[in-house]
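Subject: Structure handover and notes

Hello,

Here is the structure you will be working with. Please open it next to this email and find each residue as it comes up.

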Amino acid sequence: GTYSRLGSRSSFGAKHHQKIQMLRSSAVPRTVAAISTFHPATGGIPNARRAFAPRGKVSTFQVGSQARKGVVSASSSSSAMKVLPDSDSVANALAELTASAAKDAISAKGAFSVAVAGGSLIKLLQGLRETEGIEWDKWHVFWVDERCVPHSDPESNYGGAYEQLFKHVPIPSSQIYPIDDSLYSKNEGASGPSAAAYDKTLKALPASVLPVVDGLPVFDLLLLGFGPDGHICSLFPNHPLLKVTEPWILPIADSPKPPPERITFSLPVVNAANKKCFVAVGEGKASMVKTIYEEAPQDGSIPAALVTGNVEWVLDVTAASHLKK
């Protein structure tokens with residue numbers, strides 16, 4: 001069948017769209033304003049434009065038999081969705097997207113700031129290992145959330161990403177920013193001090209690494225996954241933290257997924273990033289992809305649907321299989 005995708009520089013269309021279209025025209029400008037109260041339609045950013053597209057030209061792309069033959073890309077615009085035949089192709093596309101973002105950021109300000117999630121995303125980072133032309137010494141790497149466990153623990157997002165990618169590439173260790181696991185000896189009681197320390201670390205960075213606009217850090221790229229419940233980072237459905245606008249890094253002590261204590265980017269920090277990339281592979285993601293992209297509930301029941309701004313999607317064909325055709 002043929003998909004078309006409607007989107008602006010933001011991620012999602014509205015329920016009433018009968019066809020899913022993708023804009024090739026100029027992107028909607030993102031506004032980052034001072035955070036004081038929560039605005040559900042903009043993920044905590046007052047005056048920001050929600051994820052509905054202006055009128056413009058559309059392009060269509062084929063999914064199905066064509067997708068199995070190779071990359072299927074909706075558009076080269078900043079609101080593109082790519083649907084690829086398998087997880088290896090997704091890893092390669094993710095590497096290409098990340099390398100391009102790094103090149104642009106380094107050209108503009110001499111450094112590249114990227115924050116990554118955990119979960120199934122971690123294995124897909126290996127596509128960057130063989131990517132040529134990357135100035136690794138200009139990279140600064142962060143985590144959008146982390147479990148309060150030792151780095152050596154299998155549950156550590158840092159530990160997983162280190163094994164898959166960062167031990168294989170020459171990023172200076174001083175430019176990789178994991179949670180400080182020396183602050184705790186057990187999970188209980190760890191999130192408060194850990195979040196405060198990570199927040200302090202970010203705020204001490206120079207503007208060439210992490211610019212601040214209207215009180216929010218502007219990361220060059222966030223690599224995001226989402227859970228089967230639609231959570232992003234460690235921001236869970238209907239959780240009070242979805243309405244917290246400061247500080248940048250939040251502690252959570254009652255995660256519905258173990259371990260209970262974690263640290264996480266706030267939703268305004270997520271939305272302030274220059275670019276966000278949602279990555280998903282497998283049939284198990286298909287239903288939630290559809291919910292996030294086509295329904296986009298704004299009541300906090302699906303935190304991923306509250307992400308706004310410049311959002312790209314990289315999916316395999318099974319993760320995209322529930323989208324309207």
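The notes below go from the whole chain to single residues.

This is a predicted model, in which local features need pLDDT of at least 70 and side-chain atom pairs count only at pLDDT 80 or more, while totals for chains, interfaces and linings use all residues. Residues are numbered from 1 along each chain as its sequence is written, and side-chain values use heavy atoms, with hydrogens and water left out.

**The whole chain**

The protein chain has 6 helices and 15 strands. Helices (H or I, at least four residues) and strands (E, at least two) are DSSP runs, numbered from the N terminus. Of the 325 residues in the chain, 57% are buried. Buried means under 20% relative accessible area, exposed means over 50%, and partly exposed lies in between (1.4 Å probe, protein chains only). The accessible surface comes to about 13300 Å², and carbon and sulfur atoms account for 51% of it; such areas come from the Shrake-Rupley method with a 1.4 Å probe, and for residues only the protein chains shown count as cover. Among contacts with a separation of 6 or more, 75% are between residues 24 or more positions apart. A contact means heavy atoms within 4.5 Å.

**The core**

In soluble globular proteins, nonpolar side chains tend to be buried together. The largest nonpolar core here has 95 residues. A nonpolar core is a set of buried Ala, Val, Leu, Ile, Met, Phe, Trp, Tyr and Cys residues joined through side-chain atoms within 4.5 Å. The residues with the most contacts inside this core are W139, F219, F226, F265 and W313. Helix α1 (residues 87-109) gives the largest share of the core, 11 residues.

Which residues does F219 touch, not counting those up to four places away in sequence? They are S113, A115, F142, L202, L210, F265, V269, A273, N274 and K275.

Why is strand β14 (residues 276-280) described as largely enclosed by the rest of the structure? Because 5 of its 5 residues are buried. In a regular strand the side chains alternate between the two faces of the sheet. In β14 both faces are covered, with K276, F278 and A280 buried on one side and C277 and V279 buried on the other.

β14 runs parallel to β11, and 3 bridges join them. Two strands pair if DSSP finds at least two bridges between them.

Helix α6 (residues 286-295) is largely enclosed by the rest of the structure, because 7 of its 10 residues are buried. The buried ones are A286, M288, V289, T291, I292, Y293 and E294. After α6 comes A296, whose phi is positive, near 45°.

**Helix α5**

A272 belongs to helix α5 (residues 267-272) and is buried, with a relative accessible area of 0%. A272 and D220 are 52 residues apart along the chain, and their C-alpha atoms are separated by 9.6 Å.

**Loops and backbone exceptions**

Most residues other than glycine have a negative phi, and most peptide bonds are trans. The following places depart from that pattern.

- D214, in the loop between β9 (212-213) and β10 (216-217), has a positive phi near 50° and is partly exposed, with a relative accessible area of 46%.
- C233, in the loop between β11 and β12, has a positive phi of about 50° and is buried, at 7%.
- E246 and P247 are joined by a cis peptide bond, with omega about 0°; P247 is in the loop between β11 and β12.
- P258 and P259 are joined by a cis peptide bond, with omega about -5°; P259 is in the loop between β12 and β13 (262-265).

H239 is also in the loop between β11 (221-224) and β12 (249-252). Is H239 buried or exposed? H239 is buried, with a relative accessible area of 15%. H239 touches I252 and D254, not counting residues up to four places away in sequence. The side chains of H239 and D254 are joined by a polar contact of 2.8 Å. A polar contact is a pair of N or O atoms within 3.5 Å; within protein, one must be able to donate a hydrogen and the other to accept it, and residues adjacent in sequence count only if both atoms are side-chain atoms.

Regards
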